[in-house]
Number of protein chains: 2
Amino acid sequence: MNIGDAAAASGISAKMIRYYEEIGLIARADRTASNYRTYSMEAVHSLRFIRRARELGFSLEETATLLKLWADKSRTSAAVKSVASAHVVELERKIAALQDMLATLKHLVDGCDGNERPDCPILNDLAGEGQRACCHGEHDATQKET
Amino acid sequence: MNIGDAAAASGISAKMIRYYEEIGLIARADRTASNYRTYSMEAVHSLRFIRRARELGFSLEETATLLKLWADKSRTSAAVKSVASAHVVELERKIAALQDMLATLKHLVDGCDGNERPDCPILNDLAGEGQRACCHGEHDATQKET
DNA sequence: CCTTGACCTTCCCATGATGGGAAGCCTTAC
DNA sequence: GTAAGGCTTCCCATCATGGGAAGGTCAAGG
């Protein structure tokens, strides 16, 4: 199985497969006499594992850890759960940060007429003129200057 | 005002201020006889604008657009709202993607005993063995092989 | 046998936004 | 005058991915 077939079978681009090999995420592939990489179904299995881990948002480093745990028959499920739980926390953190942005931005967009006049609460907020959060003074209001 | 003071006053690192100048996000700063950059309060104002835009998750490219609109007294609020609304959509898309990951991962973590035995539904999912989503077989089930 | 096209190889570069650090000036305060 | 700290430019690293060039290889068909 050449790299192109492995790519098609795993859903990971040939480019990425080579990269994963380079950084040691996967083992160095065997080569044919003409230096082509060859892949077994087992290797494709590993690549699918990686793809799924990436789909769940694990970094390549976390994925490497998970791959090692997968290969280690004497692993504990606690070790796996620990990696996954840390990622849950991280996802929750990221989501919360994005939701904060979204709430603020939606508020500003709602307050903007969106007509042909230049007046705009969005720009006012960015410029720090409106002291941010005009109607329910929360957040920090520490941006007056000059 | 030297770059260090401008950095402190705007909350943007000196490193980033130089970078923003390099990519043309901000105007080239005036220099002293000894080649030090100097900043006016107006320049600091722009830097704060950028910082706020970044806090709301706008890319530097979007931020550049917003800066131009801010400077353009004949802008329409519709133009500003359009940029912001596109970003709202993007934020919603990202949040939804992360929430999908989170829901799946939480489900897996909940199903994992987290004890000293090797059995682990998280690894099973990553390996594609459980056909994913064990209890309500949807998604694609196209990963049996060997 | 030779050509063509589709594959493979390695190598370099780019992204986006940021930080680190080195080498060498400049300034300020003592 | 000297030491500390700020400034300058330049290069490198991150993280995961893609693009593309230059050149080797393989299979099919004339």
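Which pattern does chain A follow, read along the sequence? The pattern of chain A is α-α-β-β-α-α-α-α.

This is a predicted model, in which local features need pLDDT of at least 70, side-chain atom pairs count only at pLDDT 80 or more, and totals for chains, interfaces and linings use all residues. Residues are numbered from 1 along each chain as its sequence is written, chains are lettered from A and ligands numbered from 1 in the order in which they are written, and side-chain values use heavy atoms, with hydrogens and water left out.

**Stop 1: chain A**

Select chain A and colour by secondary structure. Chain A has six helices and two strands; helices (H or I, at least four residues) and strands (E, at least two) are DSSP runs, numbered from the N terminus. Of its 146 residues, 38% count as buried, where buried means under 20% relative accessible area, exposed over 50%, and partly exposed in between (1.4 Å probe, protein chains only). Among contacts in chain A between residues at least 6 apart in sequence, 43% join residues at least 24 apart; a contact means heavy atoms within 4.5 Å.

**Stop 2: A:Ser10**

Next, select A:Ser10 in helix 1 (residues 3–10) of chain A. A:Ser10 counts as buried because its relative accessibility is 1%. Its side chain reaches the backbone oxygen of A:Ala6 at 2.8 Å. Leaving aside neighbours within four places in sequence, A:Ser10 is in contact with A:Ile17, A:Val44, A:Leu47, A:Arg48 and A:Arg51.

**Stop 3: the nonpolar core**

A:Ile17 leads on to the largest nonpolar core, which has 80 residues. Such a core is a set of buried Ala, Val, Leu, Ile, Met, Phe, Trp, Tyr and Cys residues joined through side-chain atoms within 4.5 Å. Select A:Ile17, A:Ile122, B:Ile17 and B:Ile122, which touch the most other members. Beyond its neighbours within four places in sequence, A:Ile122 is in contact with A:Leu108, A:Val109 and A:Cys112, and also with B:Val80, B:Lys81 and B:Ala84.

**Stop 4: between the chains**

Now show both chains. Chain B and chain A bury about 5000 Å² between them, 72% of it on carbon and sulfur atoms; buried area is the accessible area (1.4 Å probe) that two parts lose on being put together, summed over both. In chain B, B:Arg52, B:Leu123 and B:Leu126 lose the most area to chain A, together 14% of what that side buries. The contact takes 56 residues from each of chain B and chain A.

Zoom in on B:Arg52 and A:Asp125, whose side chains meet in a salt bridge (2.7 Å, N to O). A salt bridge is a side-chain nitrogen of Lys or Arg within 4 Å of a carboxyl oxygen of Asp or Glu. The count between chain B and chain A is four salt bridges.

Select helix 5 of chain B next: 21 residues, the largest share of the side of chain B that touches chain A, come from this helix.

**Stop 5: two loop residues**

In chain A, go to A:Gly114, in the loop between helix 5 (77–111) and helix 6 (121–126). A:Gly114 is partly exposed, with a relative accessible area of 29%. Apart from neighbours within four places in sequence, A:Gly114 is in contact with B:Ser77, B:Ala78 and B:Lys81.

In chain B, select B:Glu116, in the loop between helix 5 and helix 6. Is B:Glu116 buried or exposed? B:Glu116 counts as exposed, because its relative accessibility is 60%. Again leaving aside neighbours within four places in sequence, B:Glu116 is in contact with A:Arg75 and A:Thr76.

Definitions and conventions. Polar contact = N/O pair within 3.5 Å; in protein donor to acceptor, adjacent residues only side chain to side chain.
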